Amino acid sequence: MPHTISSGNSQSIERQEGDLPEVPDGPAYDVSYQYYSLPTWRFTNILRLIVILDGLLCVILWLCGGDTKYFEDNIVHFQFTQSVFDIAILAIAKTVILIIISAAMEETSFKLLDTPFDSELEKRAVQLHVAIKVVPLACLAFGIVKGALILNALLSVSGYKAMHATYDAACIAFICFSLLELLIALFSGHAMRKLQLLRVLHQFNSTGQELDENGHAIHKNPGLLKLLSLAKGEIPLLLGGLLAMLGSSGSQIVAPLLFGKVVDAANKSIDELNETVLILLGVYVGGALASMVRAYLFVLAGQRMVARLRKKLFGKIVTQDIAFFDVNRTGELCNRLASDTQVLQNAVTVNISMLTRYMLQILGSLVFMFILNPSLTGVLLAVVPVVSLTAVKYGRFVQRKRKEFQDKLADAGTQAEEALSSIRTVRMFSGEKKANDLYGKDIEKSYQVGKQLALAQGTFEGVIGILAYGAITLVLWYGGKLVYEGNLSAGVLTSFLLYTLQVAIAFGLLSSLYGDFMQAVGASVRIFSLLERSPTISSENGKILPNLNGYVEFKNVRFTYPSRPDVEVLKGISFTVKPGEMVALVGPSGGGKSTIVSLIERFYDPDSGTISLDGYDIKSLDALWFRQKIAMVSQEPTLFAFSIQDNIAYGCCATDEEITEAACQANAHEFISQFKDGYKTLVGERGVRLSGGQKQRIAIARALIINPVLLLLDEATSALDAESEHLVQEAIDHAMKHRTVVVIAHRLSTVRNASKVIVIDKGTIAEMGTHDELIQQNGVYKRLILRQLTVGSVDETSRKNLNSGGSGATEVFQEPKGNIQT
């Protein structure tokens with residue numbers, strides 16, 4: 001595969017794989033392909049920038065010299081000491097030649113890094129280094145000779161007519177730039193030798209993602225075009241808005257010209273004045289109506305775009321694998337949905353309108369200004385390159401800082417979300433001040449970044465203001481001079497000044513708009529990283545079986561959580577669950593019981609080994625389908641801030657009768673009926689308006705209503721009062737009938753009635769068998785039972801029987817209050 005050496009936004013150098021030097025020691029991660037690139041600010045690009053400015057300035061000064069007749073005469077009747085037509089042609093030629101030479105020199109120097117003893121390459125490199133010095137030297141010599149002859153003619157030749165002032169400026173600029181380019185070219189050899197230190201290695205994995213030096217994926221800033229692609233669904237609205245904007249911008253462009261005519265008409269006749277003013281009024285009214293349509297369409301497009309983006313982004317987030325949520329905090333993701341999408345709203349709709357309007361305003365105004373007076377226009381354009389460079393530097397700074405600001409704000413949002421969602425815990429430990437301090441620290445961090453943004457914006461607008469109003473002052477002076485000399489009418493000067501103000505204001509707003517675009521680019525990095533992220537566990541396009549019987553098999557399963565890759569949670573687990581069996585998982589806390597349940601739901605995929613449902617690898621099955629056949633009830637069930645009815649029917653479409661039946665089976669109908677609104681009662685955020693036992697029973701009803709083939713349970717513990725525990729346990733016992741059940745057992749009665757007990761200890765199966773079989777062994781299970789027996793709940797004789805494995809053991813496990821704490 002060929003490798004590309006990108007030379008920083010200016011060129012690409014294709015190289016074959018054999019030409020690419022080996023990465024020292026080789027990366028310890030998968031690299032599909034790699035290439036080198038160079039930083040933007042390097043020798044060749046700096047030289048290119050200077051020669052481009054040289055060519056542009058010389059051509060602009062040449063075009064702006066004198067009136068049209070003077071301009072044409074200096075081309076048709078060319079005289080060496082009275083025209084700079086030759087300077088303009090040479091400046092253009094020098095720009096093209098030096099750009100070509102610099103590109104070839106960089107390419108040759110790159111190849112020499114890998115084949116330093118290639119004589120042909122060395123010879124070519126010497127020729128290019130000489131050429132890049134000879135060209136500016138020859139231009140400098142030409143400029144000095146021409147300047148000397150012009151000066152001699154001015155001082156010594158009688159009757160010599162001096163050139164226009166802008167022609168003199170063009171000649172001086174040509175000499176100065178040629179000298180600067182020669183001085184830079186003298187360092188070409190040193191600069192090319194530094195390429196090996198400057199070049200940056202880019203590495204990509206098999207999916208096309210760029211990797212950093214540690215093998216982690218790099219999220220690059222999306223370009224403006226990619227940012228604008230978000231609004232492709234609103235193209236009809238945007239096109240309508242652009243058409244309306246042409247009308248409003250046209251009125252703004254024509255208005256200054258009519259102002260000048262009003263001034264001139266005032267010196268002629270009242271009839272002409274009235275007619276001109278009426279035309280001006282009509283232009284303003286038409287422009288206002290067009291602006292109304294433009295604003296409506298662009299704002300509407302923005303609202304539609306952000307609504308669609310939020311729905312698409314939320315859809316992407318909720319389909320990510322569970323491992324994604326282990327490493328991304330809820331508050332941060334909510335901030336992406338709310339704050340970051342809002343930043344993008346104006347950037348890709350309303351700001352497009354403003355960008356196009358200001359560009360049209362600038363271009364249209366410049367056209368009319370050239371028509372009115374080319375020399376005055378040239379004076380104004382002198383500040384454009386400086387403004388452009390300043391805007392680019394400002395935009396890059398704002399893009400970087402805006403991304404940092406959004407990150408700090410997301411951290412603060414996460415702190416607030418965690419504190420408010422756990423307000424009872426905060427209040428319980430008098431943690432209000434601590435929560436406030438943590439939130440305040442994150443807000444302070446975002447404020448510090450905001451201060452830098454404020455300083456940058458103030459400095460930028462100040463610099464742009466000085467340049468713009470300095471140019472306006474210069475135009476005012478020069479225009480006043482022309483009026484004083486009788487070469488310009490007062491009306492034309494008025495029009496020109498209004499156009500100048502219009503261009504200056506548009507430039508200022510356009511520069512600020514560029515900053516807004518860079519802010520949006522910075523904020524969009526995280527948006528696009530979410531939109532483009534594919535979940536590692538697909539929930540669709542798998543195999544759908546005619547029916548599911550509930551046969552589960554773990555075969556040598558090993559697993560580590562992605563958020564904790566250094567800790568292996570399951571170490572070669574193997575067991576089977578047959579249809580209709582109840583398998584109890586017991587063992588010390590942290591052993592891996594909950595992980596097994598999560599793997600059955602395919603929240604994660606094992607690192608090795610297989611998990612099968614009815615003999616099929618779970619990875620090959622459609623996850624959406626088999627999850628509808630599996631129900632799970634956890635110790636701390638999560639309810640949504642809906643009604644009880646909606647919570648019970650969350651996993652399916654159910655009638656009122658089916659909801660009521662499920663509630664009856666879960667022992668929930670009685671307490672639901674006692675509420676004023678019955679099944680319409682709102683449970684509050686996370687079910688805070690219900691007791692623990694009530695939430696448990698609603699969760700059981702939610703599981704039963706889908707009539708699951710496989711039921712996954714985490715039994716309630718003594719966190720419930722005796723009555724609630726009895727009702728919940730009764731509901732669980734009813735739910736387990738005629739189903740395949742995997743239960744994380746806490747109660748002795750559950751363990752005793754299980755078809756199989758699996759003891760999980762430190763990620764392995766320590767013991768497996770029935771309750772009676774395990775009691776006979778002096779192993780982990782028996783020690784766990786002895787440790788967890790309630791003090792005083794059994795007499796000494798029963799304890800001795802248990803220790804000896806006698807018949808009293810069975811009686812002990814009929815004690816309803818004894819719990820196996822896992």
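Guide: Helix H9 (residues 235-266) and H10 have axes that come within 7 Å and cross at roughly 160° (axes are lines fitted to C-alpha atoms, for helices over the stretch in contact, and angles run from 0 to 180 degrees between N-to-C directions). H9 is therefore roughly antiparallel to H10, the term for angles over 145 degrees. The model is predicted, so local features need pLDDT of at least 70 and side-chain atom pairs pLDDT 80 or more, while totals for chains, interfaces and linings use all residues. Residues are numbered from 1 along each chain as its sequence is written, and side-chain values use heavy atoms, without hydrogens and water.

H9 and H10 form a left-handed crossing (the near helix is turned anticlockwise from the far one by less than a right angle). Their contact comprises 23 nonpolar, 8 polar and 4 charged residues; Ala, Val, Leu, Ile, Met, Phe, Trp, Tyr, Cys and Pro count as nonpolar, Asp, Glu, Lys and Arg as charged, and the others, Gly among them, as polar.

H10 (270-318) also supplies at least two residues to the lining of the largest pocket. Helices H11 (322-327), H12 (330-347), H19 (593-600), H20 (623-627) and H24 (692-704) each do so too, as do strands E11 (630-633) and E12 (710-714) (DSSP runs numbered from the N terminus, with helices H or I of at least four residues and strands E of at least two). This pocket holds about 2500 Å³ of space. On a 1 Å grid over the protein atoms alone, a pocket is an open set of points where a 1.4 Å probe fits, with protein on both sides within 12 Å along at least five of seven lines, and lining residues have an atom within 4 Å of a point. Volume is the space filled by probe spheres set on the points, which are joined across faces, edges and corners.

The lining of the largest pocket has 50 residues, and Ile322, Phe603, Thr638, Phe640 and Tyr650 lie nearest its centre. By class, the lining divides into 29 nonpolar, 10 polar and 11 charged residues.

Helix H4 (residues 119-156) packs with helix H5 (residues 165-185) at an angle of about 150°, their axes lying 8 Å apart. H4 and H5 are therefore roughly antiparallel, and their crossing is left-handed. The contact of H4 with H5 has 14 nonpolar, 3 polar and 2 charged residues.

For helix H1 (residues 43-63) and helix H3 (residues 85-114), the axes come within 9 Å and cross at roughly 165°. H1 and H3 are therefore roughly antiparallel as well, and H1 passes H3 in a left-handed crossing. Their contact has 15 nonpolar, 4 polar and 4 charged residues.

Definitions and conventions:
Parallel < 35°, antiparallel > 145°, perpendicular 65-115°, else oblique.
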